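I opened my notebook for a first pass through this structure. The entries follow the order in which I looked things up.

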Amino acid sequence: MIKQDIKQYKNVWVFIEHNDGKIERVSLELLSKGAELAKDLNCEVCAFTVGDKVEHFAKEVGEYGAKKFYIIENSVLKEYRTEPWRNAIVYLIDKYKPEVALIGATTLGRDLAGTVATKLSAGLTADTTALDIDPSNKNLLMTRPTFGGNLMATIFCPDNRPQMSTVRPGVFKAVKNQTTPEVIKDKYDITEDQVVKKIIEKVQTGEEKVNLSFYEVIVSGGKGMGKKENLKLLEDLANVLSGTWAVSRKVVQAGWAPQSRQVGQTGQTVHPKIYIAAGISGAVQHVAGMKSSDIIIAINTDPQAPIFEVATYGIVGDCLQILPKMAEMFKQKLVK
Amino acid sequence: MHSLVFIKQVPDAAQVRVDYETGTLIREGVPAIINPFDTHAIEAAVQIKDKFGGSVSVLCMGPPMADEALKKALAMGADNVFLLSDRVFAGSDTLATSYALWAGAQKVIQEIGPVDIFWAGKQAIDGDTAQTGPGIATRLDVPLVTYAVEVKEVDPSAKKIKIVRLLEGGTETIEVPMPCMITTEETLNHIRFAPLSYLIKAAKTPVVLLNSSNTTIDASQCGLKNSPTKVKKAFTPPKRERGEMIEGSLDEIISAVYEKIEPMLKQLGRV
């Protein structure tokens with residue numbers, strides 16, 4: 001392993017993931033967290049991205065505190081493809097040498113991060129849920145769950161830069177912190193015939209993309225909901241509480257709900273004020289995604305269900321009876 | 001068509017429990033399995049062989065006991081199996097692991113022949129990083145297709161393949177030239193029942209052992225010492241305390257729950 005002169009590296013960089021002209025929420029969450037890290041490191045938080053016509057994102061990344069915005073614009077980079085995006089990003093990182101690079105642990109981010117880190121021979125920590133600066137040596141401490149959330153590991157990267165991490169959406173809060181970023185445009189020459197990967201077709205599954213981390217109340221259902229049609233009960237109660245509905249992995253696998261509604265290790269991490277788990281047994285992978293909720297109300301017919309081990313309040317009973325009754329009674333109380 | 005599948009042997013995560021007294025995982029009696037995502041990679045490679053001919057090689061990095069996983073891969077229809085096992089790999093992070101597997105793949109290519117498709121599961125269920133597949137593809141310098149849910153079309157003569165992969169909120173169909181690397185979702189295929197002939201072949205086919213003495217692996221790029229990321233500490237997350245069970249008639253339960261959460265609802269401005 002080649003030891004680098006790590007002193008050459010400065011600033012915290014946050015990758016701005018974008019799709020259809022919109023920034024992914026996780027990138028703004030990471031800018032907010034990145035600003036805290038930059039303060040501890042006595043440096044600046046900067047945004048970076050590649051694509052076609054991305055300069056207009058400067059306004060939004062500025063609202064979330066980015067001091068500089070590094071971009072490469074090229075029509076070949078319009079849509080995400082691993083190799084050309086990787087090469088352009090590796091070029092930027094090689095040139096400007098950030099000490100930290102954070103990327104959202106989304107489908108795109110996870111595809112990208114592994115390939116960028118390998119090109120740079122950089123250390124990369126996946127799916128981080130906590131980021132801190134070690135006060136003694138200023139190394140980034142990245143804490144992540146493994147074994148389906150059963151074990152946590154704190155990872156650090158003493159001799160290589162940038163220190164890279166992917167971070168789950170919803171772990172950090174996006175906080176506005178108005179700045180006017182300096183836009184630094186760079187050129188990376190690439191032509192379409194140099195890219196062997198072609199996108200033949202894109203299909204949206206029709207379901208809106210839901211960012212469950214926006215919501216302070218989540219009514220979530222598991223296999224105990226019985227059938228797809230019963231998921232309406234989750235939505236009804238969620239509407240009464242001005243929240244949203246979600247599901248467990250088993251419900252997604254059964255084809256009752258899209259993956260965009262899934263809470264858990266392979267879905268979204270959430271930390272609402274109130275999480276109602278209806279007919280969810282409480283597999284470790286699900287619990288890993290919701291256990292930091294303030295109040296957890298679990299409803300399950302099986303008194304032995306592991307979900308009760310993490311619930312603030314447990315109800316042994318049939319969620320199909322309890323949810324509609326809850327919606328009805330809460331509605332009366334909340335309307336007043 | 002020659003496929004090379006990278007697999008990992010993992011403890012069955014569903015059976016791993018935490019000892020909260022000691023803050024460690026209880027692994028005794030937990031069976032070792034092929035990483036479930038990787039079984040779909042093996043199945044995909046075998047289905048391509050069934051359709052277009054050729055062979056399937058499988059490479060696993062791990063301790064000597066991981067040869068069990070390779071025996072299972074043979075029973076699923078693999079033809080050549082390689083175990084990359086050496087103390088110099090101990091403690092490798094994903095960057096070092098992708099290097100060792102890349103070097104192992106070079107040996108497989110040397111022994112069996114050029115590879116058309118490299119496969120791996122999208123991630124391992126113990127580490128959950130999803131970084132090793134992209135890392136190997138980068139070192140192999142082949143196009144990467146992650147989160148594959150459908151092999152749409154294989155054209156061996158034009159050396160092209162069309163894959164449907166997951167996006168957030170949708171899918172996309174990608175066309176790439178071979179060789180390429182594909183990482184698989186569980187929904188890519190169904191694992192078929194192995195015919196008896198595969199089982200017989202599995203019993204007869206030896207696991208080829210690869211290590212730092214019979215490959216060109218550079219030991220200074222592997223192992224804990226040469227991994228950029230280090231583990232500072234490992235710990236079990238604080239256990240959330242089991243709360244209060246609420247009992248009574250349906251109306252009583254719901255009223256009680258409402259009273260419990262009313263202060264929070266007020267704080268949220270819902271009341």
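Entry: I began at Ser121(A), in the loop between α4 and β7 (124–128) of chain A. This is a predicted model. I noted a positive phi of about 50° for Ser121(A), although this residue is not a glycine. Is Ser121(A) buried or exposed, or partly exposed? I found a relative accessibility of 38%, so Ser121(A) counts as partly exposed.

I then stepped back to the helix that Ser121(A) follows. Helix α4 of chain A covers residues 107–120, 14 residues in total. Of the 14 residues of α4(A), 13 are buried, so the helix is largely enclosed by the rest of the structure.

Entry: I turned to helix α3 of chain A, residues 82–96. Its 15 residues should span 21 Å at 1.5 Å a residue, and the end C-alpha atoms are 21 Å apart, which agrees. Which residues of α3(A) are buried? I listed Thr82(A), Glu83(A), Pro84(A), Trp85(A), Arg86(A), Ala88(A), Ile89(A), Val90(A), Leu92(A) and Ile93(A). I saw that Lys97(A) follows α3(A) and has a positive phi, near 50°.

**Entry: chain A as a whole.** I counted 8 helices and 18 strands in chain A. The radius of gyration of chain A is 22 Å, close to the 20 Å that the globule rule gives for 336 residues, so chain A is as compact as a globular protein of that length. I noted that its C-alpha trace spans about 60 × 50 × 40 Å along the principal axes. Buried residues make up 62% of the 336 residues in chain A. I looked at contacts with a separation of 6 or more: residues 24 or more positions apart account for 64% of them in chain A. The accessible surface of chain A comes to about 13200 Å², and 49% of that belongs to carbon and sulfur atoms.

Entry: I recalled a general point: in soluble globular proteins, nonpolar side chains tend to be buried together. The largest nonpolar core here has 41 residues, and Leu323(A) and Phe330(A) touch the most other members. Which helix gives this core its largest share? I found helix α8 of chain A, residues 319–335, with 8 residues. I then listed what Leu323(A) touches, leaving out residues up to four places away in sequence. The partners are Val219(A), Met225(A), Leu233(A), Leu234(A), Leu237(A), Ala278(A) and Ile299(A). Apart from this core lies another, of 39 residues, including Ala75(B), Met76(B), Ala148(B) and Leu188(B).

**Entry: where the chains meet.** I looked up the contact between the chains. It takes 83 residues from chain A and 79 residues from chain B. Together the two chains bury about 7200 Å², 60% of it on carbon and sulfur atoms.

Entry: I picked Val203(A), in strand β13 (residues 198–204) of chain A. Val203(A) is partly exposed, with a relative accessible area of 34%. Leaving aside neighbours within four places in sequence, I found Val203(A) in contact with Gly169(B), Gly170(B) and Thr171(B).

I then picked Val81(B), in strand β7 (residues 80–84) of chain B. Val81(B) is buried, with a relative accessible area of 1%. Not counting residues up to four places away in sequence, Val81(B) touches Val58(B), Leu70(B), Leu74(B), Pro206(B), Val207(B) and Val208(B).

Entry: I found a cis peptide bond from Arg161(A) to Pro162(A), with omega near -5°. Pro162(A) sits in the loop between β10 (151–156) and β11 (163–167) of chain A. The bond from Met178(B) to Pro179(B) is cis, with omega near 0°. I placed Pro179(B) in the loop between β11 (170–177) and β12 (180–184) of chain B.

Ala130(B) lies in the loop between β8 (117–121) and α4 (132–140) of chain B. At 8% relative accessibility, Ala130(B) counts as buried.

Note on methods. Residues are numbered from 1 along each chain as its sequence is written. Chains are lettered from A and ligands numbered from 1 in the order in which they are written. This is a predicted model: local features need pLDDT of at least 70, side-chain atom pairs count only at pLDDT 80 or more; totals for chains, interfaces and linings use all residues. Side-chain values use heavy atoms; hydrogens and water are left out. Helices (H or I, at least four residues) and strands (E, at least two) are DSSP runs, numbered from the N terminus. The expected span of a helix is 1.5 Å times one less than its number of residues. Buried means under 20% relative accessible area, exposed over 50%, partly exposed in between (1.4 Å probe, protein chains only). A nonpolar core is a set of buried Ala, Val, Leu, Ile, Met, Phe, Trp, Tyr and Cys residues joined through side-chain atoms within 4.5 Å. Contact means heavy atoms within 4.5 Å. The radius of gyration is taken over C-alpha atoms; the globule rule is 2.2 Å times the number of residues to the power 0.38. Accessible areas come from the Shrake-Rupley method with a 1.4 Å probe; for residues, only the protein chains shown count as cover. Buried area is the accessible area (1.4 Å probe) that two parts lose on being put together, summed over both.
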